[in-house]
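The following paragraphs lead through the structure shown below, beginning with a term that the later description requires.

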Amino acid sequence: MKKQKSNSWIFLSIVILIYILIFVSKRELFSSSINFFIKVILDIIPVFIFVFILMTFTNYYITPKFVEKHFKERGIKKWFFAIIGGILSTGPIYLWYPFLSELKKKGLNYGIISCFLYNRAIMIPLLPIAIFYFGVEYVLTLSIVMIFMSVIQGKLINRIIKND
Amino acid sequence: MQEKSIKETVIKTGKSLWNLLPMTIGTILLVSLGVNIIPKSFYISLFENHSIFSALIGSLVGSISAGTPITSYIIGGELLEKGISLMAVTAFIVSWVTVGIIQFPIEAKALGKRFTFLRNLSSFVFSIIIAFIIVLILEAIK
């Protein structure tokens, strides 16, 4: 655990070092990257707060027994939950990892997690832009095929990784 | 059994997020850099004259790219305008939004290396399969 923590800080240090080198050699690239970084940070703060609330809620109410009851049952219910949850979830993908990690600790299987993550690619607020470029027919077909493939991916991952 | 208090739960959640903070900040910094380093013109030049392997190239480029899905739609739209095949563009868009090479460290930290590797690898393969399926369906509809 301590090693993982220090690796995270080493990773951040290396990235900061890269930025320092860019600052010295390519000031314009540094400025545009930092501006983009600030924009992303400002955009994700509300999502981060939402994730924090959701994680607290999960930690408090969703016990392993609860997860066992709702997510471990057989059938399409759990897959339906993962698909809808993935499509409706907002914000950058990396903000959801801690939440999913918590759910994993509480017994959620990897297949459901991968199904959730795959369906995050279907972003309802961005669909009008996709339709603008590719048309309704294409976007609808792509969304349906992706939902279908997300379940196949989940099943495949469950077969390969035996859950603890 | 003694139930956890709200305060304890909030502290525990805070610690979980704090542990992921350096990796999150580092990832966003890398994404910011990637978005600014790789120009849109790079994608267009890469797809030209690669009709046979365009789906594979589309998947590869989409996998290593970073940015919001909107960027992939804009580039995908430009590629289609340039006459790049729908299969390549679909593989590109799907891998862009489903494969996360840059996010790999943070995902692996939260969910495990094996799962992250399998998820990304299968997402990469699936982006090519989906591209084939989409083209087949759309051709069948027309």
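A crossing of two helices is called left-handed if the near helix is turned anticlockwise from the far one by less than a right angle, and right-handed if clockwise. Helices (H or I, at least four residues) and strands (E, at least two) are DSSP runs, numbered from the N terminus.

This is a predicted model, in which local features need pLDDT of at least 70 and side-chain atom pairs count only at pLDDT 80 or more, whereas totals for chains, interfaces and linings use all residues. Residues are numbered from 1 along each chain as its sequence is written, while chains are lettered from A and ligands numbered from 1 in the order in which they are written. For the complex, the predictor gives an ipTM of 0.75 and a pTM of 0.71. The pLDDT is the predictor's confidence in each residue, from 0 to 100. Chain B has a mean pLDDT of 83, with 88% of its residues at 70 or more. Among the elements of chain B, the highest mean pLDDT, 94, belongs to helix 7 of chain B, and the lowest, 68, to helix 2 (residues 40-47) of chain B.

Chain A contains eight helices and zero strands. In chain B there are seven helices and, again, zero strands. A residue counts as buried if 20 or more other C-beta atoms lie within 10 Å of its own, as exposed if 12 or fewer do, and as partly exposed in between, with C-beta atoms placed from the backbone. By this criterion, 30% of the 164 residues in chain A are buried, and 46% of the 142 residues of chain B are buried. Two residues are in contact if their C-beta atoms, placed from the backbone, lie within 7 Å. Of the contacts in chain A with a separation of 6 or more, 86% involve residues 24 or more positions apart. In chain B, 79% of the contacts between residues at least 6 apart in sequence join residues at least 24 apart.

Within chain B, the axes of helix 1 and helix 6 come within 9 Å and cross at roughly 160 degrees. Axes are lines fitted to C-alpha atoms, for helices over the stretch in contact, and angles run from 0 to 180 degrees between N-to-C directions. Helix 1 of chain B is therefore roughly antiparallel to helix 6 of chain B; angles under 35 degrees count as roughly parallel, over 145 as roughly antiparallel, 65 to 115 as roughly perpendicular and the rest as oblique. The crossing of these two helices is left-handed. On helix 1 of chain B the contact involves B:Leu20, B:Met23, B:Thr24 and B:Thr27, and on helix 6 of chain B it involves B:Pro105, B:Ile106, B:Lys109 and B:Ala110.

Between the chains, 52 residues of chain B are in contact with 51 residues of chain A. Helix 1 of chain B contributes the most to the side of chain B that touches chain A, with 22 residues.

Helix 6 of chain B also packs against helix 5 (residues 97-105) of chain A, at an angle of about 25 degrees and with the axes 8 Å apart. Helix 5 of chain A is therefore roughly parallel to helix 6 of chain B. Their crossing is right-handed. Here A:Tyr97, A:Pro98, A:Leu100, A:Ser101 and A:Lys104 meet B:Ile106, B:Glu107, B:Ala110 and B:Leu111.
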